[in-house]
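Subject: Handing over the structure

Hi there,

Here is the structure I promised to pass on to you. Have a look around first, and then read on below.

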Amino acid sequence: QVQLVESGGGSVQAGGSLRLSCAASGYAYSPNWMGWSRHTPGKERAGVAAIYTGAGNTYYADSVKDRFTISRDNAKNTVYLQMNSLKPEDTAMYYCAVRVGDFSLRWEALLPGMYNDWGQGTQVTVSS
């Protein structure tokens, strides 16, 4: 059974850092893509970062570029999201996601609807 388990969320003051982890299990083959999205009540879920697990290519939303870093440990089927210089507007529920296949266009990697499997989410709260 496929399972994604996130951890690392919490509360932090603006300017602080958090590191999220997502461990994927139950896949016959390593997923091609893993990504992070976030959701705030009243807004649509938005893609934050994605990584092509093979070559390590990374993609970021403009709102987090130069502050967030996505990385992976293929041996552990785990993806990380290092979040630095956090802002109150980064407050959201963060979800890890997997896409087993490839994307037709690379920018699709930041579209939450293109992913197959989701974790339960981990809350990040940034206070001013």
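What follows is a short account of what turned up in it.

Please keep in mind that this is a predicted model.

Let me start with the overall picture. The C-alpha trace spans about 45 × 25 × 25 Å along its principal axes.

Of its 128 residues, 42% count as buried. The accessible surface comes to about 6,500 Å², and carbon and sulfur atoms account for 47% of that. If you take contacts between residues at least 6 apart in sequence, 58% of them join residues at least 24 apart.

Four strands form an open sheet in the order 1-3-8-7, with antiparallel pairing. Strand 1 and strand 7 (68-73) stand at the edges with a single partner strand each, so one side of each has no neighbour in the sheet. From one strand to the next, the twist averages 15°. As a reminder, strands of a sheet pair through backbone hydrogen bonds.

Strand 1 runs antiparallel to strand 3 (residues 18-25), and five bridges join the two. Within strand 3, A23 is the bridge partner of V5, and C22 is the bridge partner of E6.

Which cysteine does C22 join? The partner is C96, with an S to S distance of 2.0 Å. The count comes to one disulfide. This pair links distant parts of the chain: C22 sits in strand 3 and C96 in strand 9 (residues 92-99), 74 residues apart. The link is left-handed, with -75° about the S-S bond.

Are these two cysteines buried or exposed? With a relative accessible area of 0%, under the 20% cut-off, C22 counts as buried. C96 is buried too, also with a relative accessible area of 0%.

How values were computed: Residues numbered from 1 in each chain as written. Predicted model: local features only at pLDDT ≥ 70, side-chain atom pairs only at ≥ 80, totals over all residues. Heavy atoms only, no water. Pairing = 2+ DSSP bridges. Axes fitted to C-alpha atoms, helices over the stretch in contact; angles between N-to-C directions. Buried < 20%, exposed > 50% of the residue type's maximum accessible area, 1.4 Å probe, protein only. Contact = heavy atoms within 4.5 Å. Areas by Shrake-Rupley, 256 points an atom, 1.4 Å probe, with all protein chains shown as cover. Disulfide = S-S within 2.5 Å.
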